[in-house]
Amino acid sequence: MMGVDVNKLGISIGGKSIVRDVNVHIGDGERVGLIGSSGSGKSMISKAMLGLLPINAQTEGSVILGDTQVVGADETVLAGLRGRYVGAVFQNPASSLNPVLTVGKQIELPLKLHYDLDKADRQARVSAMLEKVGLDATVAKKYPSELSGGQQQRVGIATALITSPRLIIADEPTTALDSITQRQIVDLLVSLVDKAGASMLFITHDFSVLARATTRCYVLDGGRIVESGNTADLLEHPQGEQTKKLVAAARELTLQRKQNRDD
Ligand SMILES: Nc1ncnc2c1ncn2[C@@H]1O[C@H](COP(=O)(O)OP(=O)(O)OP(=O)(O)O)[C@@H](O)[C@H]1O
Ligand SMILES: [Mg+2]
């Protein structure tokens, strides 16, 4: 298992402060959310956790994953962590998947990079993983462009989870999908993460998605954490202005979806 401790994290680029004084704690096996409007700094925080900030970014404070300090870590340390102990799922599977690799090769790649397994063993693991994410075995021979958005994101999840990482960082993994597919993908991710006993940081701007994916969350506004607590409680009784706005937006979206269904 892998806990996370982000302490007084600050990020600035070209003298412009983007994230300030951010403290985030994720316990072993906990699913925690980060929610905020566009530009509030969610992706910057997830990139800091993966050691993938832009080269000209200046970072203060600390990000500890398990017992590794990520801020200022060597690329070799980070490369050993990413894809092995930390899996990432991104917003747009069409652009995060490699278009020239078949699905099978795509999912197999992290195993090749991090483990010394023979080909038959890798392929058996890839087949088992495809089944876990609800994809037919024949999908292994297909290219990402031949799949629907929901299927592509199932491949993204399979690729992130194939090495049994201890922490999953999912940055708006369902934003590009329709609402029914969104729910299926969130539920799949939650059940796989829980079965594996892994921890998860789930990033979104949609409170209804957040409530499905996480038990606890942090609300981000202008690069600062403005509220935190039990996700269901915050959805019911938002305190701060920003949290109220995000909850109202989620309610509106839910109403619109209902209306579209009734039309
Ligand atoms: N490479 C970069 N150089 C300079 N500023 C950047 C860079 N990338 C992002 N920013 C700025 O950092 C701030 C936070 O961006 P970030 O991508 O973390 O927002 P976000 O909360 O993930 O938004 P979204 O919901 O749209 O994904 C924004 O003001 C953005 O303009
Ligand atoms: Mg983002």
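Reader: By class, how many nonpolar, polar and charged residues does the shell around ligand 1 have?
Author: In this predicted model, ligand 1 is surrounded by twelve named positions, among them Ile 13, Gly 36, Ser 40, Lys 42 and His 205. Gly counts among the polar residues. Sorted by class, the shell comes to four nonpolar, seven polar and one charged.

Reader: Which element gives the largest share of the shell around ligand 1?
Author: The shell includes Lys 42, Ser 43 and Met 44. Helix α1 spans residues 42-50. The largest share, three residues, comes from helix α1.

Reader: Is Asp 221 buried, exposed or partly exposed?
Author: Asp 221 belongs to strand β9, and its contacts beyond four places in sequence are Gly 36, Ser 40, Val 226 and Gln 242. A residue is buried with 20 or more other C-beta atoms within 10 Å, and exposed with 12 or fewer. Asp 221 has 19, so it is partly exposed.

Reader: Which strands stand at the edges of the open sheet of six strands?
Author: The strand order is β6-β7-β8-β3-β9-β10, with mixed pairing. The two edge strands each have a single partner, so one side of each lacks a neighbour in the sheet; they are β6 and β10.

Reader: Do β9 and β10 run parallel or antiparallel?
Author: Strands of a sheet pair through backbone hydrogen bonds, in either of two directions. Tyr 218 stands opposite Ser 228 in β10. Six bridges join β9 to β10, and the two run antiparallel.

Reader: At about what angle does helix α10 run to β9?
Author: Helix α10 covers residues 241-262 and lies across β3, β9 and β10. Its angle to β9 is about 105 degrees.

Terms used
Residues are numbered from 1 along each chain as its sequence is written. Chains are lettered from A and ligands numbered from 1 in the order in which they are written. This is a predicted model: local features need pLDDT of at least 70, side-chain atom pairs count only at pLDDT 80 or more; totals for chains, interfaces and linings use all residues. A residue is near a molecule or strand if its C-beta atom, placed from the backbone, lies within 6 Å of it. Helices (H or I, at least four residues) and strands (E, at least two) are DSSP runs, numbered from the N terminus. Two residues are in contact if their C-beta atoms, placed from the backbone, lie within 7 Å. Two strands pair if DSSP finds at least two bridges between them. Axes are lines fitted to C-alpha atoms, for helices over the stretch in contact, and angles run from 0 to 180 degrees between N-to-C directions.
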